[in-house]
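Hi,

Here is the structure I promised to pass on. Have a look at it first, and then read my notes below.

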Amino acid sequence: TPIALTLWAYATLALPPPFAVMDRFGDELELSRADEFYPQDLSLGFWSAAVIMTQPRDDDVPVVNALDIRARERVLRQMSKHLASLGATSVSPEGLSAIYMAILAVEMHSPSLFAELKGNWEHLAASAESSWRATKGKGPTVSKLQKAVGATLDEMGVPYESEKLVRGGLIRPDFVVKGKTKIVVEVDGPYHFSV
């Protein structure tokens, strides 16, 4: 659907959508039915809405930020309500992984929203986590940009581990900086959305 693809574009490019866009999408999604979406659209739209929800806001005006947060959460709520119509076998492994990434993002970003919405995806959670773990168990693909970032960290004398599994194997950021502080570096953060 155009909404899911537009949300995906904003999320992948790490561009915060304007309030008017999210408000309009919220209106459209409130009127939508689950059968108007392909399973891939729902998993992609849910992942995108979760990524967008965690993106920083551009405005320093508290009232504008409050409206923006409400619009983002509204879109996430509407995308998540349709997950209840999905069976795990109707979603591809990649789609299930996207759902799990979104679940992790919502849980880390807003525990209260997670608690409110988890009933929409609970029936998919075990299959989604299984798909996610299978993906994380495969050997990583290291991009040229990631290699360049690693070389820069080496030049700076920053000790790190590359592609280290964290959070019980759920997340594998590109770099985990060694030391007392917990710092990870995800070169392509908005795309992978690991941490």
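Let me start with a question: does Glu163 count as buried or exposed, going by its relative accessibility? Glu163 is buried, at 14% relative accessibility (buried means under 20% relative accessible area, exposed over 50%, and partly exposed in between, with a 1.4 Å probe and protein chains only).

Before the rest, a word on where this comes from. The model is predicted, so local features need pLDDT of at least 70 and side-chain atom pairs count only at pLDDT 80 or more, while totals for chains, interfaces and linings use all residues. Residues are numbered from 1 along each chain as its sequence is written, and side-chain values use heavy atoms, leaving out hydrogens and water.

Now the overall picture. The protein has 9 helices and 3 strands (DSSP runs numbered from the N terminus: H or I of at least four residues for helices, E of at least two for strands). In sequence order the pattern is α-α-α-α-α-α-α-α-β-β-β-α. The radius of gyration is 17 Å, close to the 16 Å of the globule rule for 195 residues, so the protein is as compact as a globular protein of that length (the radius is taken over C-alpha atoms, and the rule is 2.2 Å times the number of residues to the power 0.38). Of the 195 residues, 42% are buried.

Back to Glu163: you'll find this residue in the loop between strand S1 (160-162) and strand S2 (175-177). Its phi is positive, near 55°, and it isn't a glycine. Ala14 also has a positive phi, about 55°, without being a glycine. Ala14 sits in the loop between helix H1 (2-13) and helix H2 (19-31), and is partly exposed at 38% relative accessible area. Why point these out? Because most residues other than glycine have a negative phi.

Next, Glu186, in the loop between strand S3 (183-185) and helix H9 (189-192). Glu186 is buried, with a relative accessible area of 15%. A polar atom of its side chain lies 3.4 Å from the backbone nitrogen of Asp174.

Last, go to helix H4 (residues 62-83), where you'll see Ser80. Ser80 is buried, at 0% relative accessibility. Leaving aside residues up to four places away in sequence, Ser80 touches Phe46, Leu117, Asn120 and Trp121 (a contact means heavy atoms within 4.5 Å).

Cheers

Note on methods: A polar contact is a pair of N or O atoms within 3.5 Å; within protein, one must be able to donate a hydrogen and the other to accept it, and residues adjacent in sequence count only if both atoms are side-chain atoms.
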